[in-house]
Each structure stands twice: as structure tokens, then as C-alpha cells.
Amino acid sequence: MTHFAQYPEIISKEVVQQLHFPVSDVLATPDARNLRRYSAERATTLGNGYHGKVDIYFKTADGETKRVQTTVWANDAEYITLKSGAFLPMRSVLGIDFL
């Protein structure tokens, strides 16, 4: 079990676009944000090079933690783009587990 949430709701990547996300960043420290950015870069490399999947843990605007298992195609400072073409705001991501 990951340290991001004990029992997060698991959703499909197709549902991500229907969700609403927090306005402010869910991570409080610059170090945590840097680690998230590094993990997003690793997930993108894994996705593009090997089509490997990751678990992404994130919060919605209502404060619920969710988990989506997917391949990451791209990322930048603002968003993570998933295999389905959906994207997650980077500010909503708690962390990434590599499978």
C-alpha cells in the first residue's frame, strides 16, 4: 500500500476529464513539488520508451484522493498527459508509484 492514501478510489483514465481539481497545489513544500516533477519526468520516459504504466495519486476539488493506473505520454510544469489524451493538473498530483 502506498503512502499517498490508504484506500483511494480507483478510477479509469477516461473518467479523469469529468473531474474538478483544486485551485491551489496539494503539496506544501518546494522539495515535495520537485520530487513530483522528477517522478512525472520518469513516468513520461517509462511511458514513451516502454509503454510502462504507473499509479498516479491525486486530489479532486472536493478533497477526495483518487488513483488512476495509466501510461504517461507527456508532462510540463502545468499538466501530465495520459495515454487516453486526458490530462491531470500537476498541482493536483500527490505522487506517482511505479509498477
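Modeller: Here is a chat about the sheet, the helix, the core and some charged pairs.

Biologist: Before that, what kind of model is it, and how are residues numbered?

Modeller: This is a predicted model, where local features need pLDDT of at least 70, side-chain atom pairs count only at pLDDT 80 or more, and totals for chains, interfaces and linings use all residues. Residues are numbered from 1 along each chain as its sequence is written, and side-chain values use heavy atoms, with hydrogens and water left out.

Biologist: Okay, the sheet. In what order do the strands of the open sheet come?

Modeller: The order is S1-S3-S2-S7, four strands with mixed pairing. Strands (E, at least two residues) and helices (H or I, at least four residues) are DSSP runs, numbered from the N terminus. Two strands pair if DSSP finds at least two bridges between them.

Biologist: Which strands stand at the edges?

Modeller: Strand S1 (9-11) and S7 do. Each has a single partner strand, so one side of each is left without a neighbour in the sheet. On average, neighbouring strands of this sheet are turned by 25° against each other, direction ignored.

Biologist: And in which sense do S2 and S3 pair?

Modeller: Antiparallel, over six bridges. For example, Val54 has Thr70 in S3 as its bridge partner.

Biologist: Where does helix H1 lie?

Modeller: H1 lies across S2 and S7, and runs at about 45° to S7. Axes here are lines fitted to C-alpha atoms, for helices over the stretch in contact, and angles run from 0 to 180 degrees between N-to-C directions.

Biologist: Now Thr44, is that buried or exposed?

Modeller: Thr44 is in helix H1 and counts as buried, at 11% relative accessibility. Buried means under 20% relative accessible area, exposed over 50%, and partly exposed in between (1.4 Å probe, protein chains only).

Biologist: What is Thr44 in contact with?

Modeller: Leaving aside neighbours within four places in sequence, Thr44 is in contact with Val72, Trp73, Ala74 and Asn75. Contact means heavy atoms within 4.5 Å. Thr44 and Ala74 are 30 residues apart in sequence, yet their C-alpha atoms are 5.5 Å apart in space.

Biologist: Let's go to the inside. How many residues does the largest nonpolar core have?

Modeller: That core has 17 residues, and those with the most contacts inside it are Val16, Ile56, Phe58, Val68, Ile80, Leu88 and Ile96. The elements giving two or more residues to this core are H1, S2, strand S5 (79-82) and strand S7 (93-98). S2 gives the largest share, three residues. A nonpolar core is a set of buried Ala, Val, Leu, Ile, Met, Phe, Trp, Tyr and Cys residues joined through side-chain atoms within 4.5 Å.

Biologist: What does Ile80 contact?

Modeller: With neighbours within four places in sequence left aside, Ile80 is in contact with residues including Ala40, Ile56, Leu88, Val93 and Ile96.

Biologist: Switching topic: how many salt bridges are there in the whole structure?

Modeller: A search finds seven. A salt bridge is a side-chain nitrogen of Lys or Arg within 4 Å of a carboxyl oxygen of Asp or Glu. One of them joins Glu41 and Arg37, with the closest N and O atoms 3.5 Å apart.

Biologist: Where do Glu41 and Arg37 sit relative to each other?

Modeller: They are four residues apart in helix H1, which means Glu41 and Arg37 are separated by about one helical turn. Glu41 is partly exposed at 36% relative accessibility, and Arg37 is partly exposed at 30%.

Biologist: Which parts does the Arg67 and Asp55 pair tie together?

Modeller: Their side chains meet in a salt bridge (3.9 Å, N to O). Arg67 lies in strand S3 (residues 65-70) and Asp55 in strand S2, so the pair ties together parts that are 12 residues apart in sequence. Asp55 counts as buried, at 6% relative accessibility.

Biologist: Which residues are linked in a salt bridge network?

Modeller: Glu9, Glu64 and Lys66. The closest N and O atoms of Glu64 and Lys66 are 3.4 Å apart. Glu64 is partly exposed at 40% relative accessibility, whereas Lys66 is buried at 9%.

Biologist: Last one: what is the phi of His51?

Modeller: Near 55°, a positive value in a residue other than glycine. His51 lies in the loop between helix H1 (30-50) and strand S2 (54-59), and is exposed, with a relative accessible area of 54%.
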